[in-house]
Amino acid sequence: MRFIFMVLLLLAALWRAFLDWQATIGEGYAFRPKSIGAVLSDSFPTVHDGLVKLLQSTGISWLWDPVGTTILWLPLSLVLAFPALILWLTRSRGRGRG
């Protein structure tokens, strides 16, 4: 099950990187991966505003500025590839070894 999850994360990361590459190669720019915030705003335009309003209404708006904005600037393909890499590095080497 862990292997399947790792492969799915890696395939999603590669697919996102491919889509980003296709988008930037047509414009003649260097490869620029899309951030989580850009993909989120393209897919669900009202989520960003709703999340900010939710955090401000609960009194933890201090969490949004340093943490939330930093996460939204991260490239989505790297965020998907990082857990896959961690799962690959922590896999068991052999079934018979104890």
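How close do the axes of α1 and helix α5 come, and at roughly what angle do they cross?

**Entry 1: ground rules.** I am working with a predicted model, where local features need pLDDT of at least 70, side-chain atom pairs count only at pLDDT 80 or more, and totals for chains, interfaces and linings use all residues. Residues are numbered from 1 along each chain as its sequence is written, and side-chain values use heavy atoms, with hydrogens and water left out.

**Entry 2: the helix pair.** I looked up α1 and α5 (residues 76-89) and found that their axes come within 8 Å and cross at roughly 155 degrees. Here axes are lines fitted to C-alpha atoms, for helices over the stretch in contact, with angles from 0 to 180 degrees between N-to-C directions. So α1 is roughly antiparallel to α5 (the term is for angles over 145 degrees). The helices themselves are DSSP runs of H or I, at least four residues, numbered from the N terminus.

**Entry 3: who touches whom.** I noted the contact residues (heavy atoms within 4.5 Å): they include Phe5, Leu9 and Ala13 of α1 and Ser77, Leu80 and Trp88 of α5.

**Entry 4: Ser77.** I found Ser77 in α5. Ser77 is buried, at 8% relative accessibility (buried means under 20% relative accessible area, with a 1.4 Å probe and protein chains only). Leaving out residues up to four places away in sequence, Ser77 touches Ala13, Arg16, Ala17 and Pro33.

**Entry 5: Asp20.** I then turned to Asp20, which sits in α1 (residues 2-27) and is buried, at 3%. A polar atom of the Asp20 side chain lies 3.0 Å from the backbone nitrogen of Lys34.

Methods:
Helix = DSSP H or I, 4+ residues; strand = E, 2+ residues; numbered from the N terminus. Buried < 20%, exposed > 50% of the residue type's maximum accessible area, 1.4 Å probe, protein only. Polar contact = N/O pair within 3.5 Å; in protein donor to acceptor, adjacent residues only side chain to side chain. Parallel < 35°, antiparallel > 145°, perpendicular 65-115°, else oblique.
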